[in-house]
Structure formats: structure tokens, C-alpha cells
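Let's take a walk through this fold together.

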Amino acid sequence: QAIARAAQVLGIPAYIIMPENAPEVKKIATAGYGAQITYCAPNIMARETTTAAMEARTGATFVHPFNDYNVIAGQATAAMELLEQVGGDLDAVIAPIGGGGLMSGTALSVHYLAPNTRIYGAEPLAVDDAYRSMQSGSIQENPTTDTIADGLKTNLGEKTFEIIREQLTDIFTVTEEEIVVAMKLVWSRMKIIIEPSCAVPLAAVLRNKEKFAGQRVGIILTGGNVDLDHLPF
């Protein structure tokens, strides 16, 4: 959606490769910004081959969704704005991990702007490749992508893994049930529409209350792509 909107503003074409099982709200919004969407099977190999074919056909420049330093820098502005708003006085900041673009950007902002603040990541237990990658020291893959957090199904890239491995204090995992509870809490108490992926950091804090008791914790809430006809609660 971001690429589609940026291209629309600049008056240039955008060719978006999306998995065929992407939420309808994402499909509709991306098309609404004027992008030409090509659907592929919901796996990494299909995305890569479809993208390569699109590049060859159109001559367009490929923008990776997360394994790109420019994308990481852009996503770093979320944490930067958070720290500016709260004066940088936080004990911890936590963000969701999928491919690691947002997490990497968050980690770099916090590292440079609030060096005394601990940095945590959160991901679904069902797709805990980042947690396992941190433990093993090498990029791990997920055997399945069976999670409601559709934005966090992707494996880490080499650029994001390098940053995450150096900067994060720890990574927490949460169950599907805990994601739903956190999502419902934000909807009902804060009146903010968030998608399941966005609820994962809050779910991690709720699961580890004793670890964060008495602390100021910043949570990156990002993503409201929800099909209202298919809510998990």
C-alpha cells in the first residue's frame, strides 16, 4: 500500500506482487491507490519468481518489503516519533517481527536516540523464526505459516537479521489466543482498529507482566488491515 501510494503521488506506475490469500482490505486499498496488482501463491518462492518476471517485463525497480536499508530507515521513523513524543524516557520499546524491517528500524532509532532503553521484539509462536534465529545465530525458516498475524509470516532477511541480532535484548513469542485477547483489548479500550500482527507486541507485554512491572514501555502499534467480516473475536 505504501509503495502504491508513493507511486501515485509521484505519478509513476507501481507493480505490486501480493499473495493470493492476502486480506481483502489490503487488496482493495492497494488497488485504490492505482497500483497494478499481480497475485501469486502464498510462498516465498512464488513471490520471488513472480517478482523477477515482473522486473524483466516492465524494467521496474524492485523495492523489497523489508530487506532494504532504505525501507528500514523509513520504518525507523515510527520509533523516532514515539521517542520524540515521550521525551525518550522509556525503559523498553517493543515491536512486532515479521521480515524484520520495522523491528530493525525500531531498534536503530532506539539505539541511537535512547541508548539506555531496552529493545524487544515479539512474534507469534506459530511462526517463531526470528526467535529461533536469535538462538541459533543463523536465519531459520518456518515450516508453516499458520497464524492469524498475516503480516508476520515472512522469514527474516540477511540485512534485518544482522541488525536484530546486534540490537535486541530479547524476543518474546505469543500464542494465537493471546494475540486475539490483545487485539480485542485495543479495539474495546483504546478504540483503535489494529490487525492481529499489530497486537503481538501488546500480547507479549501482557504475557510478561512481571518483567515490565513499574516500567514505562513503548509499544509500536502499526497496521490496521482488518477484514471486518472476518474478525477473530
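What follows goes from the sheet to a helix and then to some charged pairs.

A word on the ground rules. This is a predicted model, in which local features need pLDDT of at least 70, side-chain atom pairs count only at pLDDT 80 or more, and totals for chains, interfaces and linings use all residues. Residues are numbered from 1 along each chain as its sequence is written, and side-chain values use heavy atoms, with hydrogens and water left out.

Start with the sheet. Four strands make up an open sheet, and reading across it you meet S5, S4, S3 and S6 in that order, with parallel pairing. Strands here are DSSP runs of E with at least two residues, helices are runs of H or I with at least four, and both are numbered from the N terminus. Two strands count as paired if DSSP finds at least two bridges between them. Strands S5 (170–174) and S6 (217–219) sit at the edges with a single partner strand each, so one side of each has no neighbour in the sheet. On average, neighbouring strands are turned by 25° against each other, direction ignored (the axes are lines fitted to C-alpha atoms, and angles run from 0 to 180 degrees between N-to-C directions).

Now zoom in on S3. Five bridges join S3 (residues 92–96) to the parallel strand S4 (residues 118–124). Ala92 has Arg118 as its bridge partner in S4, while Val93 has Ile119. How many of the residues of S3 are buried? Five of the five are, so S3 is largely enclosed by the rest of the structure. Buried means under 20% relative accessible area, exposed means over 50%, and partly exposed is in between, with a 1.4 Å probe and protein chains only. Both faces of S3 are covered, with Ala92, Ile94 and Pro96 buried on one side and Val93 and Ala95 on the other.

Helix H3 (residues 44–58) comes next. Which residues of H3 are buried? They are Ala46, Thr51 and Met54. The buried residues of H3 pack against strands S1 (15–19) and S2 (36–40), where contact means heavy atoms within 4.5 Å. Over on the other side of H3, you'll find Met45, Glu48 and Ala56 exposed.

Finally, the charged pairs. Side chains of opposite charge can pair when their charged atoms come close. The count here is six salt bridges, each being a side-chain nitrogen of Lys or Arg within 4 Å of a carboxyl oxygen of Asp or Glu. One of them joins Asp150 to Lys26, with the closest N and O atoms 2.9 Å apart. Asp150 lies in the loop between H6 (129–136) and H7 (158–167) and Lys26 in H2 (residues 24–32), so this pair ties together parts 124 residues apart in sequence. Asp150 is partly exposed at 24%, whereas Lys26 is buried at 17%.

Arg216 and Asp89 form another salt bridge, at 3.8 Å between the closest N and O atoms. This pair also links distant parts of the chain, 127 residues apart. Arg216 is partly exposed at 40% and Asp89 is exposed at 53%.
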